[in-house]
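Take a walk through this model, one feature at a time. Keep the sequence and the structure side by side as you read.

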Amino acid sequence: MILGALQRVDRAIGSICKWGVIGSLLGLFFLLLVAVIVRMVPMLSISGYDEIVELLFAWMTFLGALALWREGALYRVVLLEQSVPEPIRRAITVLSQTLMLLLALVMAFKGYEFLRDAGEITPFLGIDKGYWYLAVPATGALMAVYSAAGLWSALRGERTGGDGGTILG
Amino acid sequence: MFVAGILLSLCALILLGTPIAVALGVVAIGTMWVAVGPELLAIFIQRLYAGTTSFPLLAIPFFVLAGNLMNTGGMTHRIFNVAHLIVGRIRGGLGHVNVLASMLFSGMSGSAVADAAGLGVVEIKAMKEAGYSARFSATITAVSSTIGPIIPPSIPFVIYGSLANVSVGALFLAGIVPGLLMGLGLMLVIALIAKRQNLPMGEARPPFGGAIKIVGAAAPALAMPLLVLGGIFLGIVTPTEAAVVAAGYAFLLGRFWYRELSMRDLPDILWESGRQTAQVMFIIAAAAPFGWVLIQQQIPNALLDALFSLSSEPWVILLIINAALLLLGMFIEGIAILIIAFPVLLPIIMKIGVDPVHFGVIIVLNLMIGLVTPPVGLCLYVVSSISRVSLTEISAEIWPYLLALVAVLLLITYVPELSLWLPHVLGYGVIQ
């Protein structure tokens, strides 16, 4: 029953990441398109345009990174890992998951401190800049949960960490 | 010793399979902690966040989106048909068609992977049907895809421009002649192989009316480079806005002109484009605090001294940089190398007086060669997957083409005018 609930939460996080990324991308698309049109009409201007673009781009990046983290699809070099015996591969996976957990915890805790201490208000929209910075600790906290689970699985000898994703070029 | 420790830790973590973004972040955290203390970690977060806020980098998701929309929206096979019309008749014609189609596609997409994955399917199918071996077809598809990010628009140029604070427009212009040279180099190798292996001649050219029909069908797609590059060079749009226009145009063409793009495809295309963008952007974000650490620890200066103790001749230093980048490209994907190596390389190239625009072309060309060098080359994997030809078979066949690409790289490295002439002529202020 607990496992079923956890799986539902996991799927919900996956959906939030997916639709958050799609929504941010569409939002950026329309904003930039409007910016081009507005530039051609001298009477018009969009106030706070830069601030919304920054908000959407930051959230798109960190939600996308969380999705890749969750799927074990962050880009990595798997050549060595695939060519070593199983006990060494397992040790490498434990190390990798530990380091991922460390980065995620720094993002969560130090990111929260940074958000709390920043105390900035955006110049045009007059909104707390914390909504922008929240992308780091919020996704960092979830990454930490996934890495803790990944580390637990690795310590129990289960295959974890995914095969790594591809990168553009 | 501390400097060597930082760089060796990063290399070791990457080789051990730690995700590149995580390796960069953890090494930056460790260095900050050891050098000053945990209080410096606020800077880590600040740099990590700031790494995602560069306006020029916003071009990345939209060039990715444009490439994905074109691959789904029916543009790729029409571009292939035009290339076939132009060079399809000569011996080994479909090999030449493959290269020319990639050059045309390059003017619309900024990614080698989009070329290999999208156009590659059409190219390999046509070549196999015409009697070419699957191995030959797959190999040419892989090598020709590397032209994509050299001929503008280009995602690696957008990233380099943002890192080096160099005009993306100037970089786009600087890539045109090198991209054409890459195409010619590959066609030369294909011509030699076609003669030696007596490869088939293409079919007779279609009648004039048929030719007009083929060009007419592809014309709206072929107009995209004019729209994107014309918009940038006439100063109507920035490269970021041009990417948005390209994505919008690709959507309109696929949906309403060619009618091959369904609205049901759109969420998956947007999701895939967002994921691919996040893959790159998370590495860029994690590289920002790492770059800060490198500069704080004066690591570029230490490497500069080490390099100058070997030689102070610019041509030797450029040769060493090229060799190092080619070697790295055999194991790590290009964009990751670009982001990691750039803060280290910038002071070196400034010291030896290389124009940053010229160096942008050198580094991106290097990294594109890395996409097709075994054992780790993303375009090799993509083409191997779509052609069902093993990686070993493609790797065995690829060497003559790699030699041609390396020859072009050396030509570009030692004749800066090949890159700088066009930006200079069109008024982009590059250092001569």
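A:R89 is buried, because its relative accessibility is 5%, under the 20% cut-off. This is a predicted model. The partner of A:R89 is A:E86: their side chains meet in a salt bridge, with N and O 2.7 Å apart. A:E86 is partly exposed, at a relative accessible area of 35%. Both residues sit in helix α4 of chain A, which covers residues 86-118. They are three residues apart, so about one helical turn separates them.

Move along α4 of chain A. A:K110 and A:E113 are also three residues apart in this helix, about one turn. They form a salt bridge too, and their closest N and O atoms are 3.3 Å apart. A:E113 is partly exposed, with a relative accessible area of 30%.

Next comes the pair A:R116 and A:D117. Their salt bridge has its closest N and O atoms 3.2 Å apart. A:D117 is exposed because its relative accessible area is 55%, over the 50% cut-off. A:R116, at 49%, counts as partly exposed. Elsewhere, salt bridges with shared partners join A:E71, B:E272 and B:R275 into one network. Over all chains, the salt bridges number 11.

Now turn to chain B and its helix α10, residues 168-197. After the helix comes B:N198, with a positive phi near 50°.

Further along chain B is helix α20, residues 391-397, which holds B:S395. Is B:S395 buried or exposed? It is buried, because its relative accessible area is 13%. A polar atom of the B:S395 side chain lies 2.7 Å from the backbone oxygen of B:L391.

End at the surface. B:W315, B:L319, B:L410, B:L411, B:Y414 and B:V415 form a nonpolar patch there, with about 500 Å² of accessible area together. Helices α16 (314-329) and α21 (399-414) of chain B each give two or more residues to the patch. The largest share, three residues, comes from α21(B). B:L411 is found in α21 of chain B, and at 40% relative accessibility it counts as partly exposed.

Definitions and conventions
Residues numbered from 1 in each chain as written. Chains lettered and ligands numbered in written order. Predicted model: local features only at pLDDT ≥ 70, side-chain atom pairs only at ≥ 80, totals over all residues. Heavy atoms only, no water. Patch = residues over 30% accessible without salt bridge, like charges linked within 9 Å, V, L, I, M, F, W, Y side chains within 5 Å. Areas by Shrake-Rupley, 256 points an atom, 1.4 Å probe, with all protein chains shown as cover. Salt bridge = Lys/Arg side-chain N within 4 Å of Asp/Glu carboxyl O. Helix = DSSP H or I, 4+ residues; strand = E, 2+ residues; numbered from the N terminus. Buried < 20%, exposed > 50% of the residue type's maximum accessible area, 1.4 Å probe, protein only. Polar contact = N/O pair within 3.5 Å; in protein donor to acceptor, adjacent residues only side chain to side chain.
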